[in-house]
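Student: Can we go through this one together? I'd like to start with the sheet and then look at a couple of residues.

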Amino acid sequence: MSSPAFTTTVLHLTTGSTETVTDLTQECERFLAEAASGRDGLLNLFVPHATAGIAVLETGAGSDDDLLSALHALLPADDRWQHRHGHPGHGRDHVVPALVPPHATLPVIVGRLELGTWQSVCLVDTNVDNAERQVRLSFLG
């Protein structure tokens with residue numbers, strides 16, 4: 001869907017068979033180069049999945065692994081969960097979006113994503129049963 005003020009697209013990603021934090025910053029920048037055309041506005045990211053979220057954090061220096069470790073500490077992958085289909089402990093994956101929301105809205109200034117020096121936009125996916133993911137990017141400006 002596209003209009004002068006609103007443009008949207010869907011990224012199709014394969015996250016694999018391990019828990020991941022996938023940096024989407026470059027994909028966001030590529031989308032904004034065309035969609036924003038130098039304008040100010042907002043970038044919204046939305047993950048239409050019950051077991052994934054969007055986080056803004058530093059990557060490459062261990063913070064992405066620290067996030068996954070923190071999620072394991074808070075939400076152990078064991079048999080305590082009432083939601084029991086999928087791999088053992090999969091119920092925790094359905095709680096992750098309460099802590100890592102499935103959306104983020106970020107400022108766009110002069111067509112560029114306004115992030116801090118070490119910030120990246122990331123897909124957080126702890127569900128090893130579903131490697132195919134979508135992320136909707138929408139620019140409003």
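Student: What is the strand order in the open sheet of five strands?

Tutor: This is a predicted model, where local features need pLDDT of at least 70, side-chain atom pairs count only at pLDDT 80 or more, and totals for chains, interfaces and linings use all residues. Residues are numbered from 1 along each chain as its sequence is written, and side-chain values use heavy atoms, leaving out hydrogens and water. Strands (DSSP E runs of at least two residues, numbered from the N terminus) pair if DSSP finds at least two bridges between them. Here the pairing is antiparallel, and the order is β1-β8-β3-β5-β6.

Student: Which strands stand at the edges?

Tutor: Look for a strand with a single partner, so that one of its sides has no neighbour in the sheet.

Student: Which residue stands opposite Arg133?

Tutor: Arg133 lies in strand β8 (residues 132-140). Nine bridges join β8 to the antiparallel β1. Opposite Arg133 stands Leu13.

Student: Is Arg133 buried or exposed?

Tutor: Buried means under 20% relative accessible area, exposed over 50%, and partly exposed in between (1.4 Å probe, protein chains only). Arg133 has 2% relative accessibility, so Arg133 counts as buried.

Student: Which residues does Pro101 contact, leaving aside neighbours within four places in sequence?

Tutor: Pro101 sits in the loop between α3 (96-99) and β5 (103-109), helices being DSSP H or I runs of at least four residues. Contact means heavy atoms within 4.5 Å. With those neighbours set aside, Pro101 touches Gly53 and Ile54.
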